[in-house]
Amino acid sequence: SGIDVARMLRNKVKHIVFVTGYSEFALEAFAHGDAYLVKPVDLDTLKRAIKHLLQKREKSLHQTQSNL
């Protein structure tokens, strides 16, 4: 399953976005990913998810730099 793959990749990739047609897996997916989109995904929803992840990455970079 995608959740199993996310568990294996968690320490290898920065962000994981789930895209599926099954909303019943959302709670478990959120525990292993950064975003969960239900198909069909509209462009505005995808843009918001990407923007959120970019902001999260930027915040993380700033925190890392301030700890140096």
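**Chat about a predicted model**

Trainee: What does V17 count as, going by its relative accessibility?
Mentor: V17 counts as partly exposed, at 37% relative accessibility. Buried means under 20% relative accessible area, exposed means over 50%, and partly exposed lies in between, with a 1.4 Å probe and protein chains only. This is a predicted model, in which local features need pLDDT of at least 70 and side-chain atom pairs count only at pLDDT 80 or more, while totals for chains, interfaces and linings use all residues. Residues are numbered from 1 along each chain as its sequence is written, and side-chain values use heavy atoms, with hydrogens and water left out.

Trainee: Which element holds V17?
Mentor: Strand β1 holds V17. Helices (H or I, at least four residues) and strands (E, at least two) are DSSP runs, numbered from the N terminus.

Trainee: And which residues is V17 in contact with, leaving aside neighbours within four places in sequence?
Mentor: A35, L37 and L53 are in contact with V17 once those neighbours are set aside; contact means heavy atoms within 4.5 Å. V17 and Y36 have C-alpha atoms 5.8 Å apart in space, although they are 19 residues apart in sequence.

Trainee: Okay, stepping back. How many helices and strands does the protein have?
Mentor: There are three helices and two strands. Starting at the N terminus, the order is α-β-α-β-α. The C-alpha trace spans about 40 × 30 × 15 Å along its principal axes.

Trainee: How much of the protein counts as buried?
Mentor: Of its 68 residues, 21% count as buried.

Trainee: Which residues make up the largest nonpolar core?
Mentor: Seven residues do: I3, A6, I16, F18, A26, A29 and Y36. A nonpolar core is a set of buried Ala, Val, Leu, Ile, Met, Phe, Trp, Tyr and Cys residues joined through side-chain atoms within 4.5 Å. Helices α1 (2-9) and α2 are the elements that give two or more residues to this core. Setting aside neighbours within four places in sequence, A6 is in contact with I16, F18 and H32.

Trainee: New topic, charges. How many salt bridges are there?
Mentor: A search of the whole structure finds three. A salt bridge is a side-chain nitrogen of Lys or Arg within 4 Å of a carboxyl oxygen of Asp or Glu. One of them joins R7 and D4, with the closest N and O atoms 2.9 Å apart. R7 and D4 are three residues apart in helix α1, so about one helical turn separates them.

Trainee: Which residue is bridged to R10?
Mentor: D34, at 3.5 Å from N to O. R10 lies in the loop between α1 and β1 and D34 in the loop between α2 and β2, so the pair ties together parts that are 24 residues apart in sequence.

Trainee: Is D34 buried or exposed?
Mentor: D34 is buried, at 14% relative accessible area. R10 is partly exposed at 29%.

Trainee: What else does D34 bridge to?
Mentor: D34 also forms a salt bridge with K56, the closest N and O atoms being 2.7 Å apart. K56 is in helix α3 and D34 in a loop, so this pair ties together parts that are 22 residues apart in sequence. Shared partners join R10, D34 and K56 into one network.

Trainee: Last one. Where is the cis peptide bond?
Mentor: A cis peptide bond joins K39 and P40, with omega about -5 degrees. P40 sits in the loop between β2 and α3. Most peptide bonds are trans.
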